[in-house]
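Open the model in your viewer and follow along. Each stop tells you what to select and what is there.

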Amino acid sequence: EVLFIDTSPFQTDYYTNDDYGPKVSTQDTGAQKTWLTNALQKSTATWKFVVGHHTLYTAGKRIGKTQDMINAFQDIFEKYHVDAYFCGHEHQLEYDEPSGMHFHQIISGTGSEATPVTSAPYAKFVASDHGFVSVNVTEKEMLVQFINADGKILYSVTIEK
């Protein structure tokens, strides 16, 4: 099951930004979290995926600035056994296994730009390279491949169910 969320209204700094504030201030974050929680709670899917724009973790330029997302979604992802969270926002390719967490985070944000990256303990792979992510799912495993713009597989990981 794949559930899509709108992460912009969870960015507290957006509310004071003239470009974003008027748009996000009209959205009901509580209703969205309730919807997500209910959908995950009722799900009988073998695999549960959530897709959003902003990252919970990053080894990119916003490292240490993602607490809004962690506060909003980490406990929900854990409680309802989300297998993977797919996102962008950061302009890098990244695979994360946050310590002590059940879910995996997959960042694919380099379609138009590749920005510098650093390292982080949860980042098992990170690259500043144009590319995309390919995901193949079977009943028992998910193969995630990070592929650059030249078609080279930069990193592969198999996540078992």
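Helices here are DSSP runs of H or I with at least four residues, numbered from the N terminus. The model is a predicted one.

Start with helix α3, residues 67-79, and select E78 in it. Beyond its neighbours within four places in sequence, E78 contacts G100, M101, H102 and F103. Zoom in on H102. Its backbone nitrogen is 2.5 Å from a polar side-chain atom of E78.

Now colour the aromatic rings. The whole structure holds 12 aromatic pairs. Select F49 and F86: they pair edge-to-face, 5.5 Å centre to centre, with 80° between the planes. F49 is in strand β2 and F86 in strand β3, so this pair ties together parts 37 residues apart in sequence. Are these residues buried or exposed? F49 is buried, at 10% relative accessible area, and F86 is buried at 15%.

Next, select F77 and F103. This pair is edge-to-face too, with 5.4 Å between centres and 80° between planes. F77 lies in helix α3 and F103 in the loop between β4 and β5, so the pair ties together parts 26 residues apart in sequence. F77 is buried at 0%, and F103 is buried at 1%.

Move to the open sheet of 3 strands, ordered β7-β8-β9 with antiparallel pairing. Its edge strands are β7 and β9. The twist averages 15° from one strand to the next. Strands β8 and β9 pair over 7 bridges. Select Q145 and find its bridge partner in β9, S156.

Finish at K161. Its charged end sits over the ring of W47, 5.2 Å from the ring centre.

Terms used. Residues numbered from 1 in each chain as written. Predicted model: local features only at pLDDT ≥ 70, side-chain atom pairs only at ≥ 80, totals over all residues. Heavy atoms only, no water. Helix = DSSP H or I, 4+ residues; strand = E, 2+ residues; numbered from the N terminus. Contact = heavy atoms within 4.5 Å. Polar contact = N/O pair within 3.5 Å; in protein donor to acceptor, adjacent residues only side chain to side chain. Pairing = 2+ DSSP bridges. Axes fitted to C-alpha atoms, helices over the stretch in contact; angles between N-to-C directions. Phe/Tyr/Trp six-rings, centres within 6.5 Å; stacked < 30°, edge-to-face > 60°. Buried < 20%, exposed > 50% of the residue type's maximum accessible area, 1.4 Å probe, protein only. Lys NZ or Arg CZ within 6 Å of the ring centre and 35° of its normal.
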